[in-house]
Amino acid sequence: MYGNDYGPTDVAAPESHKDRLPRRDEPLNAADAAALDGYFDELIDADQRIEPRDAMPEAYRQTLIRMMAQHAHSEIIGMQPEGNWISRAPSLRRKAILMAKVQDEAGHGLYLYSAAETLGVSREELLDRLHTGRQKYSSIFNYPTVTWADVGAIGWLVDGAAIMNQVPLCRCSYGPYARAMNRACKEESFHQRQGFEILWTLARGTEAQQAMAQDAANRWWWPALMMFGPPDTGELAQQGHTAQSMAWGIKRFSNDELRQKFVDMTVPQAERIGLTLPDPDLRWNAERGHYDFGPIDWDEFWRVLKGDGPCNAQRLEHRVSAHEEGAWVREAATAYARKQAERTQAGAA
Amino acid sequence: MSASAPESDAWPLWEVFVRAKRGLSHTHVGSLHAPDAALALHNARDLYTRRQEGVSIWVVPASAITASSPEERDAFFDPAGDKVYRHPTFYEVPEDVEYL
């Protein structure tokens, strides 16, 4: 699963740091250039990794915290749409697979929270930012999973898009993020394949099953394309975070490049399954060597991201109540640990 | 120590090291939060060895680790910098001498 970096810049930045975030008309890294005596730039220019205790521009730190937190939140919230189908999976095989997948999403969230914490933000603070809506998660998880075929479409399309995004992040300039992505990517490919297999199987089933698979593809195709984030090439290149993130070696490709790669990879797979993707403009362009595709409804994207999607309120409510209802377990474990430690100390005295 | 008896309600941080298979040393794989060592070990198993990535796990309270310099670039490592004669390639030997 994956959360792209399209949140507002100042969400994660403490008040004292806001004036240090570089403006778009400033040279890159201008904010802290003096304080860093060029060492950070030397490492970036040499394509070396930045490690937690290195001096780094505050804007680099805040960009990474925002990006990794948003990514972690997406993994954690991403457990809900699929978890919804664990109790109704059509066979024991499918159920075991789905449980393993949802556990992986939890694991990916934890890798990412740990990596974000190396930048000096605490786990409590990160969870608080999610629970109070100050940080976002990928808008894809605000769509409902209404049929079993949606579980297939999430694995095939949503995890497929996530892999496309995450593979370049394995070479991200921040060491802990890159290492977390390495682990996640190794685990992710089973997610995509099990999703493909679900749709492949349905497409070879009864007419109703075929229709169910097609309906899922219809609903998930456009939101999957939106996962790569708003257009960021050509005239739009300076509007978002892409130019700065690429200069810092955090991002390696633009949103548009990754989206095109995903379309080129996925269209032949859809044809193989026997599904029609819901875009009348979708066709091979021999001149470009890529598939052309129709316009994306970015109004929908921003609407859902800002809270007006089908499931935003439900997802966040469920997350907050799970956290609150688990409080007694955390408190009990803490009390037990404290008591054991006291006993050990008393025994030693 | 805070790692074995948390002062606040926030669980302390543990660094996790996994031995991938017999014959290899434990390698750092990441970190996690847990209230005590036993749960840190359980959590580490669930988080870092879901696909049989290890045969042995160490968990270490992050607060118990002493690290070199705060920045990994200062004079601490300089003494080794000019001692190339510690490497076998430093020495010139005749080409026709074997097993050297």
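This is a predicted model: local features need pLDDT of at least 70, side-chain atom pairs count only at pLDDT 80 or more; totals for chains, interfaces and linings use all residues.
Residues are numbered from 1 along each chain as its sequence is written, chains are lettered from A and ligands numbered from 1 in the order in which they are written, and side-chain values use heavy atoms, with hydrogens and water left out.

For chain A as a whole, the mean pLDDT is 89, and 89% of the residues reach 70 or more. The secondary structure of this chain comes to 14 helices and two strands, where helices (H or I, at least four residues) and strands (E, at least two) are DSSP runs numbered from the N terminus. Of its 349 residues, 54% count as buried; buried means under 20% relative accessible area, exposed means over 50%, and partly exposed lies in between, with a 1.4 Å probe and protein chains only. Among the contacts in chain A between residues at least 6 apart in sequence, 79% join residues at least 24 apart.

Now to helix H6 of chain A, residues 123–131, in which Arg123(A), Leu126(A), Leu127(A), Arg129(A), Leu130(A) and His131(A) are buried. What do the buried residues of H6(A) pack against? Within chain A they meet helix H3 (58–77), helix H5 (92–117) and helix H13 (312–325), and in chain B they meet strand E2 (27–33). Taking H13(A) from that list, the two helices H6(A) and H13(A) pack at an angle of about 140 degrees with their axes 10 Å apart, the axes being lines fitted to C-alpha atoms, for helices over the stretch in contact, and the angles running from 0 to 180 degrees between N-to-C directions. H6(A) contributes Leu127(A), Leu130(A) and His131(A) to this contact, and H13(A) contributes Leu316(A), Arg319(A), Val320(A) and His323(A). By class, that gives four nonpolar, two polar and one charged residues, with Ala, Val, Leu, Ile, Met, Phe, Trp, Tyr, Cys and Pro counted as nonpolar, Asp, Glu, Lys and Arg as charged, and the others, Gly among them, as polar. Just after H6(A), Gly133(A) takes a positive phi of about 75 degrees.

His73(A), which sits in helix H3 of chain A, looks onto this region: among the residues it touches, leaving aside those up to four places away in sequence, are Leu126(A), Leu130(A) and Tyr113(A). His73(A) is buried, with a relative accessible area of 0%. Gly155(A), in helix H7 (residues 148–169) of chain A, is likewise buried at 0%, and beyond four places in sequence it touches Lys101(A), Gly160(A), His191(A), Gln192(A), Gln194(A) and Gly195(A).

Turning to chain B, there is an open sheet of three strands in the order E2-E1-E3, with antiparallel pairing, two strands being paired if DSSP finds at least two bridges between them. E2 and strand E3 (56–61) of chain B stand at the edges with a single partner strand each, so one side of each is left without a neighbour in the sheet. Neighbouring strands of this sheet are turned by 30 degrees against each other on average, direction ignored. Strand E1 (residues 13–19) of chain B pairs with E2(B) over six bridges, and Val18(B) stands opposite Thr27(B), while Trp14(B) stands opposite Leu32(B). Six bridges also join E1(B) to E3(B), where the bridge partner of Phe17(B) is Trp58(B).

Finally, the aromatic rings. The structure holds 15 aromatic pairs over all chains, where rings of Phe, Tyr and Trp (its six-membered ring) pair if their centres lie within 6.5 Å, and planes under 30 degrees apart count as stacked, over 60 as edge-to-face and the rest as tilted. One of these pairs, Phe196(A) with Trp200(A), is stacked, at 6.0 Å centre to centre and 20 degrees between the planes. Being four residues apart in helix H8 (residues 175–203) of chain A, Phe196(A) and Trp200(A) are separated by about one helical turn. Phe196(A) is partly exposed at 24% relative accessibility, and Trp200(A) is partly exposed at 26%. In chain B, the rings of Phe76(B) and Phe77(B) have their centres 5.1 Å apart and their planes at 90 degrees, so this pair is edge-to-face; Phe76(B) is exposed, with a relative accessible area of 54%. Ring pairs also link Phe40(A), Tyr60(A) and Trp248(A) into a cluster.

Note on methods. pLDDT is the predictor's confidence in each residue, from 0 to 100. Contact means heavy atoms within 4.5 Å.
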